[in-house]
Amino acid sequence: MHYHLIGICGTAMASLAGMLQACGHRVTGSDENVYPPMSTMLSELGIKVMRGYSPAHLQPAPDCVIVGNAIPRGNPEVESALERKLLYRSLPEVIKEEFVRGRRSLVVAGTHGKTTTTSIAAWLADQGGLNPAYLIGGIAQNFGVSFRVTGSDYFIIEGDEYDTAYFDKGPKFMHYLPELAIVNNIEFDHADIYADLAAIKLAFRRFMNLVPGNGRLILGWDCPEVRNVAASFGQKLFTQIETFGTSPEARWQAREIVYAEGLTHFQIFREGESWAEFRTSLIGEFNVRNCLAAIIAADAWGVERAAIAAALASFKSVSRRCEIRGEVDGIIVIDDFAHHPTAVRETLIALRTKFPERRLLAIFEPRSWSSRLSVFQDDYASAFAPADYVIVAPVFDAGRATEKGHVLDPARLIEEIAAQNKPALAIGDVDEIVRTLSAELRSGDVVAIMSNGGFGGIHERLLMMLQARRPRSLVP
């Protein structure tokens with residue numbers, strides 16, 4: 001078939017394009033925002049990407065048009081497809097029919113930790129000999145890619161609660177036919193499409209109700225809202241439930257969590273009995289929970305414990321998750337995807353654990369829809385508590401954010417953080433942030449840059465600045 005993807009340079013859309021091509025289909029696409037890394041990947045795959053949107057891009061007519069979830073009515077290609085009555089589908093619909101149906105699927109869901117947990121699960125299954133196909137919302141460093149197509153019976157996918165397409169406002173994860181489903185946690189997020197926490201919980205409740213009787217529902221029992229949603233079913237969840245966490249009430253428990261010599265060590269107990277010991281290079285209690293969820297899924301698919309332990313020990317990480325981008329003169333620059341206040345707090349706590357004696361600087365860009373709005377205004381002040389020094393950038397595209405509601409007030413946020421007796425600044429642009437850091441940073445500092453976007457290339461610019469300020473005799 002000839003598939004044409006409108007909005008092909010989105011992370012998931014570009015990955016789907018690669019998967020369809022790997023299956024032998026002809027793939028083309030269009031996008032306004034054609035830039036690396038997705039544009040580079042598509043170019044290397046030989047997939048034709050047309051800049052901008054035009055009805056001419058649908059000539060000759062493709063067999064199926066895939067409409068990205070960011071593509072609205074009024075898009076010239078969408079309008080042409082509708083007028084000509086071309087077959088069109090959403091990304092999740094195509095994934096379901098091309099890659100999930102007929103296979104054993106693991107769907108990883110939850111407000112936080114989806115990408116990391118999916119990556120761990122794919123690696124454990126791979127090293128356990130299952131040869132799974134997968135689609136991850138980031139680059140798993142062990143694989144170096146975000147997707148893979150195989151001939152095996154196993155498919156692992158990150159299940160997003162965000163909406164599917166302009167013509168399907170339900171969550172993406174409702175399409176993925178889970179045999180195994182992980183729900184790590186549930187919190188309010190995506191304030192641009194969900195009215196409140198109750199709406200989020202309803203979406204996850206519907207997702208949980210998809211797991212068949214021969215499947216497993218793997219629930220993060222440290223999260224009160226997960227427990228609440230599970231309890232709402234009474235005795236009417238017709239599948240096997242596996243609960244996990246650090247809670248003594250969980251069936252699977254992580255205990256004796258210790259960070260030492262660059263590794264996190266922990267022991268798993270199942271129903272009170274010691275099950276196995278594990279170690280991982282990942283940091284933070286939240287990552288122990290991510291590991292535990294993936295371990296339960298691997299065990300459900302028959303992977304041996306020893307293979308699981310060896311695979312977890314060799315798991316690297318995911319790009320943009322506490323990723324060290326460089327170190328200059330003892331100053332470490334870290335890139336992290338955190339944007340929700342819970343993710344910000346947990347990331348900073350984890351970095352504090354790894355670097356207990358170092359000064360920790362947090363540089364934050366409110367870029368996701370929820371972080372741009374005032375819904376988390378009060379929560380962010382406490383989220384930055386583990387940091388020693390905080391810089392908050394302007395709200396990204398604040399003009400559009402005002403269309404969705406009240407916008408985050410960085411000045412007020414800085415006042416509340418400064419009241420914790422630490423330096424806190426609201427700075428107007430990336431150039432000024434880099435100049436400020438140039439004067440401030442000293443050997444031993446750890447700089448955690450947090451944004452779910454490119455943040456104006458701040459990581460590279462900061463590292464270049466640090467190199468440039470070195471004494472000439474020390475420059476390699």
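Predicted model: local features only at pLDDT ≥ 70, side-chain atom pairs only at ≥ 80, totals over all residues.

How many bridges join strand 21 to strand 22, and do they run parallel or antiparallel? I looked it up: three bridges join strand 21 to strand 22 (residues 424-426), and the two run parallel. Residues are numbered from 1 along each chain as its sequence is written, and side-chain values use heavy atoms, with hydrogens and water left out.

Terms I'm using: strands are DSSP runs of E, at least two residues, numbered from the N terminus, and two strands pair if DSSP finds at least two bridges between them.

**Strand 21**

I checked the other partner too: strand 20 (residues 360-364) is joined to strand 21 by four bridges, again parallel. Opposite Val-390 in strand 21 I find Ala-362, while Ile-391 has Leu-425 of strand 22 as its bridge partner. Side chains next: from strand 21 (residues 389-392), Tyr-389 and Ile-391 point one way, Val-390 and Val-392 the other, and all are buried (under 20% relative accessible area, 1.4 Å probe, protein chains only).

**Cysteines**

I searched the whole structure for disulfides and got zero; the criterion is a pair of cysteine sulfur atoms within 2.5 Å. For Cys-9, the nearest cysteine sulfur belongs to Cys-64, 18 Å away. Cys-9 is buried at 10% relative accessible area. For Cys-291, the nearest cysteine sulfur is that of Cys-322, 13 Å away. Cys-291 is buried as well, at 0% relative accessibility.

Key
Buried < 20%, exposed > 50% of the residue type's maximum accessible area, 1.4 Å probe, protein only.
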